Amino acid sequence: MTYGVHSQNILNMLNNLGPFPKRANDNNESDFSAMLIIDRDKDFASPLLTPATYSGLLLEIFKSNAGMLELELNKNKILQEKLSIFSVPSKKDKDKASNKNDTKNTKTSVIRLSGVHDEIYAENRYKHFAAASSQIRQQAKAMSMELQKLNNMKLDEMHDYVNRKLPKITEMKTKLLRHLNASEKVIEMLGSNYRRVQALEEDILNNVSRKKILGDIDELLTTDGHKYNTLRMLCLLHVCAGITSDELSQFIRNYCNYFGLKYLVVFQNLAQIGLLPVPGEETVNILSTPLNKKATKLLSNIPLNIPKFQQTQFQANANRLKLMVSTAGAEELDNMSMASSSSASISTTASTSNTTACPSYVFNRLYIPLVAQLCSFLLKSSNIDDLVTKLSMIEQIQINSQSLKSYGQSVKQGNAKDLPLKNRNIFVYVVGGITYAEIAACDLISKITESQVFVASDCILSGSDLIAGAFNGTV
């Protein structure tokens with residue numbers, strides 16, 4: 001199954017290469033029963049939304065290089081891209097800076113983003129952040145109590161304990177300290193704005209109170225002053241509901257007043273990939289106000305109480321695919337069980353029942369990643385007619401380079417394979433980068449359907465990384 005132009009091109013290249021050579025003593029059966037290739041631009045909402053998973057929020061704050069998360073507690077993505085007026089060091093930071101000479105030769109601590117090398121990360125990476133941070137705190141308390149046992153040990157017991165258990169406990173303590181510091185930094189950097197951003201994202205997804213949405217984005221630009229994250233909210237608004245040339249002009253004017261006119265090219269770069277509308281003459285010449293445009297501006301200020309019935313392409317597809325919880329069916333809603341109820345803030349406490357049977361938990365029950373929903377449809381469909389019914393309204397989705405209806409006819413004629421999938425293994429590839437939230441959602445789908453979903457992409461990114469690509473020309 002392919003969804004997008006680039007995905008179809010990849011499939012065409014694979015077909016041109018011919019069948020892959022089989023291993024020795026290999027049978028005719030493949031390791032995978034289905035391969036799903038999807039373009040990143042078919043679901044820009046997933047990287048633009050703020051994740052709620054532990055691994056997703058770690059990547060929002062810290063830089064990652066070759067699977068290593070760099071824990072520079074005094075230097076992270078949030079602090080680096082904020083206006084200098086918002087980055088005034090606190091007294092605590094000044095004290096750390098004064099001791100810089102003492103820690104000059106110390107290495108930057110890292111977290112290996114691999115469950116094989118870090119059992120704490122393996123246990124918490126796909127959990128909701130509230131549950132993960134609470135679990136890490138409990139493990140840290142249990143570790144301190146374990147070390148206190150040394151005080152009550154006899155000499156021979158202490159000798160055996162030091163030789164056998166202490167090295168493992170010391171290593172575990174080091175890992176716990178890194179995760180504890182990382183979770184504390186996430187709360188410090190995002191905690192104050194997290195609830196407000198979640199409410200804004202919910203309004204954008206549902207396209208309610210457009211004037212309030214634009215006002216909140218402008219307020220976020222004024223009070224937070226982050227180079228990427230505020231622009232990220234505007235891109236999300238355009239993807240979900242679209243923005244006008246006048247709205248874009250106003251934002252560009254405010255943005256350049258804060259960060260400088262040198263970033264005008266960024267809006268052109270974002271427009272090239274569909275994250276913003278193409279800036280017109282009125283948008284580019286934001287500093288000029290010709291007199292012949294006064295009449296147009298006056299007419300635009302006249303309120304017209306005409307109801308709008310037209311949906312955007314994003315909303316239409318999201319409703320058809322039941323990507324938003326508000327449009328999900330009764331079966332999906334019954335399966336949801338969130339421990340944090342309707343709270344959208346980053347909390348340091350969470351109950352042990354903070355689990356969910358709906359992949360929307362990765363965005364605090366706001367949105368289901370498209371790649372996870374397509375995997376769910378493939379694994380749960382009992383026949384091709386069932387799959388066609390769910391996906392027939394979505395354009396560009398193809399199976400074996402055929403439209404859904406054409407493939408359905410081939411199945412009836414006996415020229416193609418039918419569902420359900422016998423081998424419960426699916427290979428997924430996202431062209432243009434994937435997020436940890438999407439990986440967590442696919443992991444949950446694999447557990448619900450008792451299958452294995454293998455996810456791959458050319459990179460793992462966060463929302464700020466996607467926007468940052470427009471600044472360095474790599475988007």
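Modeller: Two strands pair if DSSP finds at least two bridges between them. Strands are DSSP runs of E with at least two residues, helices are runs of H or I with at least four, and both are numbered from the N terminus. The model here is predicted: local features need pLDDT of at least 70, side-chain atom pairs count only at pLDDT 80 or more, and totals for chains, interfaces and linings use all residues. Residues are numbered from 1 along each chain as its sequence is written, while side-chain values use heavy atoms, with hydrogens and water left out.

Biologist: Why are β3 and β5 said to stand at the edges?

Modeller: Their sheet is open, with 3 strands in the order β3-β4-β5 and antiparallel pairing. β3 (64-65) and β5 (110-112) each have a single partner strand, so one side of each is left without a neighbour in the sheet.

Biologist: And the other sheet: what is its strand order?

Modeller: That open sheet has 6 strands, ordered β7-β6-β1-β2-β8-β9, with mixed pairing. Its edge strands are β7 (402-403) and β9 (452-457), each pairing on one side only.

Biologist: How do you know that β8 pairs with β2 and with β9?

Modeller: Count the bridges. Strand β2 (residues 34-39) and strand β8 (residues 425-431) are joined by 6 bridges and run parallel. Within that pairing, Ile38 stands opposite Val430 and Asp39 has Val431 as its bridge partner. On the β9 side there are also 6 bridges, again parallel, and Phe427 stands opposite Phe454.

Biologist: What makes β8 largely enclosed?

Modeller: Buried means under 20% relative accessible area, exposed over 50%, and partly exposed in between, with a 1.4 Å probe and protein chains only. In β8, 5 of the 7 residues are buried, so the strand is largely enclosed by the rest of the structure.

Biologist: How many residues of α3 are buried?

Modeller: For helix α3 (residues 54-61), 8 of its 8 residues are buried; among them are Tyr54, Leu58 and Glu60.

Biologist: Is Ser464 buried or exposed, and how do you know?

Modeller: Ser464 has a relative accessible area of 4%, so with the limit at 20% it counts as buried. The residue belongs to helix α22 (residues 463-472). Contact means heavy atoms within 4.5 Å; beyond its neighbours within four places in sequence, Ser464 is in contact with Glu60, Lys77, Tyr228, Asn229 and Arg232. Glu60 is one of the buried residues of α3.

Biologist: Why are α9 and α10 called roughly antiparallel?

Modeller: Axes are lines fitted to C-alpha atoms, for helices over the stretch in contact, and angles run from 0 to 180 degrees between N-to-C directions. Angles under 35 degrees count as roughly parallel, over 145 as roughly antiparallel, 65 to 115 as roughly perpendicular, and the rest as oblique. Helix α9 (residues 166-206) and helix α10 (residues 210-223) pack at about 150°, with axes 10 Å apart. That makes α9 roughly antiparallel to α10. Residues making the contact include Leu200 and Ile204 of α9 and Ile213 and Leu220 of α10.

Biologist: What makes Ser209 and Lys322 stand out in phi?

Modeller: Most residues other than glycine have a negative phi, and most peptide bonds are trans. Ser209, in the loop between α9 and α10, has a positive phi near 50°. Lys322, in the loop between α16 (313-321) and α17 (330-334), has a positive phi of about 55°. At 43% for Ser209 and 33% for Lys322, each counts as partly exposed.

Biologist: Which residues does a cis peptide bond join?

Modeller: Leu419 and Pro420, with omega about 5°. Pro420 is in the loop between α20 (404-412) and β8.
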